[in-house]
Amino acid sequence: SSYGRILEVDLHGKLDRRDYELFVPETERLIQQYGKIRILVTLHDFDGWEPGALWEDLKWDIKHFNDVERVAVVGHERWHRRLASFCKPFTTAEVRYFTLDELDNAHVWLGQ
């Protein structure tokens, strides 16, 4: 779902190519409308990417390197924090990690 220039993405299980068929058109629309966008990614029992989805993710990251201002990654496992660090080389966005009980803080940070 999106609220102004903020796109909210909830990830469950393994991410596959079908997820990108839903995600990409919405992000493209927001980028066209707002120029730069911000993304809130909430991870629930997230288990990584299918190989095809990882490729789609890297292609999208490279294409939109300058279109994303901030990314808030919200999760509850230590590797989710590492995921936030992994994203940094692929974007000029400021990337921050929040725990699930800091979700409100993530919203505030994205809205600033």
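**Stop one: strand 4**

Strands here are DSSP runs of E with at least two residues, helices are runs of H or I with at least four, and both are numbered from the N terminus. One caveat before moving on: this is a predicted model, so local features need pLDDT of at least 70 and side-chain atom pairs count only at pLDDT 80 or more, while totals for chains, interfaces and linings use all residues. Residues are numbered from 1 along each chain as its sequence is written, and side-chain values use heavy atoms, leaving out hydrogens and water.

**Its partners**

Strand 4 pairs in the parallel sense with strand 3 over six bridges; pairing takes at least two DSSP bridges between the strands. Pick Val41 and its bridge partner Val73 in strand 4.

**Thr42**

Next, select Thr42 in strand 3 (residues 37-49). Thr42 counts as buried because its relative accessibility is 6%. Leaving aside neighbours within four places in sequence, its contacts (heavy atoms within 4.5 Å) include Val9, Asp10, Leu11 and Val74.

**Last stop: Asp67**

Asp67 sits in the loop between helix 2 (51-63) and strand 4 (68-75). Which side chain of opposite charge is nearest to Asp67? That's Lys36, 5.8 Å away, and the buried Asp67 has no salt bridge, which would take a side-chain nitrogen of Lys or Arg within 4 Å of a carboxyl oxygen of Asp or Glu.

Notes: Buried means under 20% relative accessible area, exposed over 50%, partly exposed in between (1.4 Å probe, protein chains only). Lys and Arg count as positive and Asp and Glu as negative; His and the chain ends are not counted.
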